[in-house]
Amino acid sequence: QVQLVESGGGLVQPGGSLRLSCAVSGSIFSMRAMGWYRQTPGNQRELVAAITSGGDTNYADSVKGRFTISRDNAKNTLWLQMNSLKPEDTAVYYCNVKLRLRGGIWDYDYWGQGTQVTVST
């Protein structure tokens, strides 16, 4: 049983900042890559940022220089610092982790419940 609990979404004005958090709990053997995705109505979920267990990062072009992804492997926590937010960043943001359960031999993807981010005046 794995749980991903996201927090930190909300309403912010253009140019503002938000920090999303994702706490992962359960019978976890190891966590591989983690990432943040976002989705708007009628559109597919898209990758915003990803980070490997070793700390290598990858960002969507639209957020480079504005968003920073980070993780704490000891605390099983993922963050997304979002600065200089724009109205087009408005979406539901989802945490994703690829992990292996204790006693398991395969890695599986798990998703958070999503948190709404709205950038508007």
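I take a disulfide to be a pair of cysteine sulfur atoms within 2.5 Å. I also keep in mind that this is a predicted model.

Entry on the disulfide. I looked for sulfur pairs and found that the structure holds one disulfide, which joins Cys-22 to Cys-95 with an S to S distance of 2.1 Å. I then read the torsion about the S-S bond, which is -75°, and noted the link of Cys-22 and Cys-95 as left-handed. Because Cys-22 lies in strand 3 (residues 18-26) and Cys-95 in strand 9 (residues 91-101), the pair ties together parts that are 73 residues apart in sequence. Are the two cysteines buried or exposed? I found both Cys-22 and Cys-95 to be buried.

I turned next to the strand pairing and traced an open sheet of four strands, which run in the order 1-3-8-7 with antiparallel pairing. At the edges I noted strand 1 (2-7) and strand 7 (67-72), each of which pairs on one side only. On average, and with direction ignored, neighbouring strands of this sheet are turned by 15° against each other.

Entry on strands 1 and 3. How many bridges join strand 1 and strand 3? I found six bridges between strand 1 and strand 3, in the antiparallel sense, and I noted that Val-2 stands opposite Gly-26 in strand 3.

Key. Residues are numbered from 1 along each chain as its sequence is written. This is a predicted model: local features need pLDDT of at least 70, side-chain atom pairs count only at pLDDT 80 or more; totals for chains, interfaces and linings use all residues. Side-chain values use heavy atoms; hydrogens and water are left out. Helices (H or I, at least four residues) and strands (E, at least two) are DSSP runs, numbered from the N terminus. Buried means under 20% relative accessible area, exposed over 50%, partly exposed in between (1.4 Å probe, protein chains only). Two strands pair if DSSP finds at least two bridges between them. Axes are lines fitted to C-alpha atoms, for helices over the stretch in contact, and angles run from 0 to 180 degrees between N-to-C directions.
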